[in-house]
Amino acid sequence: KMTQQMRDLQLAQARKPPGPSSPNAAKRLYRNLSGKFRVNYTSFDEGSLVGRGEKEKLRKSYLFQSNAALFEAVELQDLDRVQELLKQYSPEELDLNTPNSEGLLPLDIAIMTNNAPIARALLQAGAKESPHFVSLESRSLHLSTLVREAEQRVNELMAQVVNEAHNTDYSEKEKQLKAWEWRFRLYKRMKAGFEHARVPDAPSSVHLSVASSSSLQVTFWEPLSVNSAVVTKYKVEWSCSPTFSPPLGEAVINKLKDLHFTIHGLVSGTTYHVRVSAYNMKGWGPPQASAPPFAIPSNWREYDGRAPRRRGQAEALDHLLGQVKTIHQHCVCHEPCKNQPQSRKHSVSKSLKHLFHPGSKFLKTLKRGLYLTAIFYKDDNILVTHEDQIPVVEIDDTYSCLLMQDFLWFTKVSCMWDEILWLRQCVTVSQSSCSCILQTRFKMLLAISQMQGLLGIQDLGQVFFEPVKDKQGNILIVTLKEVKTNQTFESVRWVPICKLQTSRKSVSTPEEPTALDMLLISVQDKMAYHQRSSHALSPGLYLGYLKLCSAVDQIRVLVLERLPNILCHVKIRSNPNISREEWAWLQKMASVEESVPTEPEADTSQNPLFQELQVAIKELMTLVNVPLQEAKDFRLYSQEVLDFGDQVSFLLLLPPSDDVCTAPGQNNPYTPRSGFLTLPLQIFELGEEM
């Protein structure tokens, strides 16, 4: 049978571009193909190809050569070349899991020559073992046959070389002999590797944690000894019995990039035991029990049956908004009925004049007043007008109201860019009161509509957390939006930011720059803030630090510059779930008014959450520049866990009650180091929602 396989191989090699049969041949192949592998197929001159069929034939030829090169790289233990091929081609293009004519896969060769680095690289790319090896006996017989057939072929070629020493075919026969001698040594090394190997040890550690009220998270680590054979998969088993009789389920883990597994579909409140085994070409090793030895699926809400805080809130708000729209549409339809012809004539006349009014264009210079500017950026480019100015429109040239309240109202409007026309109608209907605040907000809506119309863009982006002010009395409200695609616009164009900054000639003195100059100087910082404020946390449980400071007209919250849309924080662990047992322990600690745990105690030192909190609190105190001894007066917020979706949750660390919010003029002895911001509370809440 093996003789026939080898003959089939020779016929296949006669029909297809032959792969290298020796180390020297492999090196020559690498040199010849190295340049070709780095060429993208689209870089060829397609005009020289005769139709799509020729292009596909050429592509398949290169893929065949790459498959042959991968086998040779594994056989020669060339890790760099293996990684290069895996990076350049997909597993499907490499035929990574298609056996060759000897019934072997690249992973088989790697594990039977005990080349752990190459085997791991192949496993992470999705490589599998050959399905032909259904048992240890079949693998042993297959290897023995390969060695015997290779030895027989070597003997035959050696006799031919001796008998044909002076023939013209001598050099060709000698090349074949050297190739088969090399392959004979490879097969013997694979056979010896298989015979020497033993089943792997148990995984070095298995950690079990509660992922939700119906799931458990299992994390495990490689065995300390694999016994001369690479581990290619793991098996996770679970049962309600510590003896695993009967077993409830098992899962085989073939993807070894991340050694963890989540068991879903479990019953809340039920005790489960878990163990993990490792597998190599000699079979399954002994199982390793988890630590802790069992876990009970649960969630902290089950402690007192609490419903999620935000359940149904989004739907209720949508319903309320719909009702408000219906009421205002009714008012818009019926209230203006009085003097309708005159009103319509005035409206049309006003709208026509508005088209030719200077206010319908972007402003070049600022007078004393309130303005809106929109920053659209892509990489290092920014949208400017044809006069190389950042787009600016006027809101109010006689602004005299309290800025902060109007500014915070504007930030809320930024959540409804698509509803500006409707909001204008609502404010217009109610404008009879003619209050300063109402007039200013109506002008804000007009300015937004004007900016949207001039740019041809509805979504103006996110409002920067504070306006830009100068000494001349100008105030700029700034919005920022990152453009991901290559868009073109009629009234604006893309310009490099550095070019805009160097070309702008300020009309102000260096001592008293205008608001536009101040904006242009700090535009990179504002863009960086905008990008950082959209970053999301990785899944996990976090410890957050709540610190507020108050002013006359606002309350501000302390945040990190690198992540301003979330409280100052450190990560406790990757599992975001707090189990019922963990929450019960936290409630017990709060009920006896214990201080924040900074030192281990005998009865809690074995509690994993206690140990994790200790590490997190020390890290957080260092981050916010609070001496650790002062943390003894801090408290953990024990009313609830703050859930942000299903993957991120927070425990809050609170200063003493008198220090949670620093009043104006109050001395704060522990000032955080650089890298922090204080945001208006309303701005922070909006950023958190985004």
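**Entry 1: histidine 530**

I looked up the surroundings of histidine 530 and, leaving aside its neighbours within four places in sequence, found it in contact (heavy atoms within 4.5 Å) with Tyr377, Gln462, Leu480, Lys481 and Glu482. I note that this is a predicted model, in which local features need pLDDT of at least 70 and side-chain atom pairs count only at pLDDT 80 or more, while totals for chains, interfaces and linings use all residues. Residues are numbered from 1 along each chain as its sequence is written, and side-chain values use heavy atoms, with hydrogens and water left out.

I placed histidine 530 in helix α17, residues 523–532; helices here are DSSP runs of H or I with at least four residues, strands are runs of E with at least two, and both are numbered from the N terminus. Its relative accessibility is 12%, so histidine 530 counts as buried (under 20% relative accessible area, with exposed over 50% and partly exposed in between, for a 1.4 Å probe and protein chains only). A polar atom of its side chain lies 3.3 Å from the backbone oxygen of leucine 480.

**Entry 2: glutamate 149**

I then turned to glutamate 149, which is found in helix α8, residues 136–163, and is buried, with a relative accessible area of 11%. Between glutamate 149 and phenylalanine 184 I count 35 residues in sequence, and the C-alpha to C-alpha separation is 8.7 Å.

**Entry 3: helices α4 and α7**

I checked how α4 (residues 79–88) packs with α7 (residues 116–124), and noted an angle of about 5 degrees with the axes 10 Å apart. The two helices are therefore roughly parallel to each other, a term for angles under 35 degrees. The contact is made by Leu79, Val82 and Leu86 on the α4 side, and by Pro117, Ile118, Ala121 and Leu122 on the α7 side. I sorted these residues into seven nonpolar, no polar and no charged.

**Entry 4: helix α19**

I followed α19 (residues 608–623) through its 16 residues and found a reach of 23 Å from first C-alpha to last, close to the 22 Å expected at 1.5 Å a residue. The buried residues of α19 are Leu609, Phe610, Leu613, Gln614, Ala616, Ile617, Leu620 and Met621, and what covers them includes β16 (540–545), β19 (563–573), α18 (580–591), β20 (635–636) and β22 (648–654). Just after α19, I noted a positive phi of about 65 degrees at asparagine 625.

Technical notes
Axes fitted to C-alpha atoms, helices over the stretch in contact; angles between N-to-C directions. Parallel < 35°, antiparallel > 145°, perpendicular 65-115°, else oblique. Nonpolar A, V, L, I, M, F, W, Y, C, P; charged D, E, K, R; others polar. Polar contact = N/O pair within 3.5 Å; in protein donor to acceptor, adjacent residues only side chain to side chain. Expected span 1.5 Å × (residues − 1).
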